[in-house]
Amino acid sequence: MPKITAARTIVTCPGRNFVTLKIETSDGVHGVGDATLNGRELSVKSYLDDHVIPCLIGRDAHQVEDIWQYLYKGAYWRRGPVTMSAIAAVDMALWDIKGKIAGLPVYQLLGGASRAGVMVYGHANGETIEDTVAAARDYQAAGYKAVRLQTGVPGFKGTYGVSKDKLFYEPADADLPTETTWASEPYMRVVPELFAGAREALGWEIHLLHDVHHRLKPIEAGRLGKDLEPYRPFWMEDPTPAENQDAFRLIRQHTTTPLAVGEIFNSIWDCKGLIENQLVDYIRATVTHAGGITHLRRIAGLADLYGVRTGCHGATDLSPVSMAAALHFDLSVPNFGVQEYMRHTAETDAVFPHAYSFEGGLLHPGEAPGLGVDIDEAAAAEFPYRRAYLPVARLQDGTMHDW
Ligand code: CS2
Ligand code: MG
């Protein structure tokens with residue numbers, strides 16, 4: 001049996017920080033897992049270095065489930081983004097090892113392909129509606145079947161989702177959190193105008209998505225959802241902070257716009273009430289922050305009972321290791337919805353050579369055994385860690401708000 005002989009975390013910053021776990025076995029096979037938690041990368045590194053890796057040495061790398069249960073139940077202090085990102089990294093690396101030893105791409109170990117490819121959505125954004133719609137046209141021309149629309153709010157700098165760079169968006173932009181100002185009323189006026197312009201320009205064959213990014217109160221989210229109904233959004237994401245799962249009842253009472261939530265969830269317990277009460281339509285939990293492939297399959301299995309589909313988070317702060325693992329999961333899971341695909345920079349792709357590829361609006365994980373991704377440690381060493389935090393948001397009177 002492939003015994004775990006060594007494991008280490010590799011931190012690299014090719015434009016943004018990534019934490020990668022590499023596990024080596026007595027068979028000479030290694031696996032990789034993404035452990036990146038935007039703005040708290042070193043916390044997950046320490047959790048792995050100090051509290052997980054010592055417990056892995058000598059274990060049978062094939063025991064993916066037992067090791068998952070050991071790390072989850074054995075922690076005593078269960079759940080939370082740091083713990084579950086660490087467990088996720090171990091899980092991804094063990095599935096990678098299992099696939100490599102079996103000589104199969106991981107999706108074949110998960111039940112095989114349930115579809116030809118994984119529909120992805122890109123991020124069209126701009127300071128103005130015109131710029132955003134023009135960016136969406138570019139995605140449509142590139143073959144995307146789904147595009148997220150985010151535009152600037154007149155009078156406000158640094159609106160969420162509007163990137164400084166045309167193609168790449170990285171919100172963790174400073175050594176200490178950037179302070180941004182927010183007001184919901186002008187935002188709620190501009191988004192329906194954005195969707196009206198987008199439908200006018202792009203037609204009805206393309207899926208249009210929007211991320212509210214936790215900014216609205218439940219009644220405001222109900223209002224925005226209703227205002228967007230004529231434009232048939234694919235989903236309205238994170239309409240309100242989801243700690244209060246009952247808030248989604250109120251939103252549901254006011255709008256049929258599909259709701260997506262969960263990129264900051266880290267276990268099935270965060271999702272259970274929303275799914276069982278059919279208060280959401282898509283669950284956004286990711287392989288990296290929600291306990292890996294093993295746990296994400298459990299979340300998707302519960303969601304499938306209630307007609308809820310997956311819509312995994314796939315921002316640039318999730319490394320190509322996470323994207324590769326997500327694609328194996330996406331290709332096989334029966335209740336797949338859509339996969340977020342914020343392209344990484346060429347620098348990042350060089351550090352993480354991978355087999356996944358894009359064609360005709362779909363990503364495919366490729367046929368390489370395991371996850372089909374690796375970390376080039378020499379390239380990674382070129383980019384030392386650089387502290388960076390996500391912004392914070394305040395209302396115009398200075399009140400802290402949700403970023
Ligand atoms: C966003 C992310 O991609 C999304 O849907 O919510 O950009 C999110 O802001 C970042 O991943 C946070 O690190
Ligand atoms: Mg989001």
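Contact, as used here, means heavy atoms within 4.5 Å. Helices (H or I, at least four residues) and strands (E, at least two) are DSSP runs, numbered from the N terminus. This is a predicted model, where local features need pLDDT of at least 70 and side-chain atom pairs count only at pLDDT 80 or more, while totals for chains, interfaces and linings use all residues. Side-chain values use heavy atoms, with hydrogens and water left out, residues are numbered from 1 along each chain as its sequence is written, and chains are lettered from A and ligands numbered from 1 in the order in which they are written.

**Two helix pairs**

Let's start with helix packing. Ser-184, Glu-185, Tyr-187, Met-188, Val-191, Pro-192 and Phe-195 of helix 6 touch Glu-220, Arg-223, Leu-224, Asp-227 and Leu-228 of helix 7. Sorted by class, that contact has seven nonpolar, one polar and four charged residues; Ala, Val, Leu, Ile, Met, Phe, Trp, Tyr, Cys and Pro count as nonpolar, Asp, Glu, Lys and Arg as charged, and the others, Gly among them, as polar.

The geometry of both pairs is in the table. Axes are lines fitted to C-alpha atoms, for helices over the stretch in contact, and angles run from 0 to 180 degrees between N-to-C directions.

| Helix pair | Angle | Axis distance |
|---|---|---|
| Helix 6 (residues 184-202) and helix 7 (residues 218-228) | about 20 degrees | 9 Å |
| Helix 9 and helix 10 (residues 292-305) | roughly 10 degrees | within 10 Å |

Helix 6 and helix 7 are therefore roughly parallel, a label for angles under 35 degrees. Their crossing is right-handed, meaning that the near helix is turned clockwise from the far one by less than a right angle.

Helix 9 is roughly parallel to helix 10 as well. Here Ile-268, Cys-271, Lys-272, Ile-275 and Glu-276 from helix 9 meet His-295, Arg-298, Ile-299, Leu-302 and Ala-303 from helix 10. The class count for this contact is six nonpolar, one polar and three charged residues.

**The metal site**

Which residues coordinate the magnesium ion (ligand 2)? Asp-211 (OD), Glu-237 (OE) and Glu-263 (OE) do, at 2.0 to 2.2 Å. Donors are N, O and S atoms within 2.8 Å of the metal (3.2 Å for Na, K and Ca), and water is not among the atoms, so sites may look incomplete. Along the chain, the donors follow the spacing D-x25-E-x25-E. Asp-211 sits in strand 7 (residues 207-211) and Glu-263 in the loop between strand 9 (259-261) and helix 9 (268-276), so the pair ties together parts that are 52 residues apart in sequence.

Asp-211 is buried at 2% relative accessibility, and Glu-263 is buried too, at 10%. Buried means under 20% relative accessible area, exposed over 50%, partly exposed in between (1.4 Å probe, protein chains only).

Thr-348 belongs to helix 12 (residues 346-351). With 2% relative accessibility, Thr-348 is buried. Ignoring neighbours within four places in sequence, Thr-348 contacts Pro-14, Phe-18 and Pro-320.

Phe-336 is in the loop between helix 11 (320-332) and strand 12 (339-340), and is buried with a relative accessible area of 11%. Residues up to four places away in sequence aside, Phe-336 touches Arg-115, Val-118, Met-119, Arg-309, Thr-310 and Asp-330.

Is Arg-79 buried or partly exposed? At 34% relative accessibility, Arg-79 counts as partly exposed. The loop between helix 2 (64-73) and helix 3 (81-102) holds Arg-79. Not counting residues up to four places away in sequence, Arg-79 touches Tyr-72, Met-84, Asn-266, Ser-267, Trp-269 and Asp-270.

Technical notes: Parallel < 35°, antiparallel > 145°, perpendicular 65-115°, else oblique.
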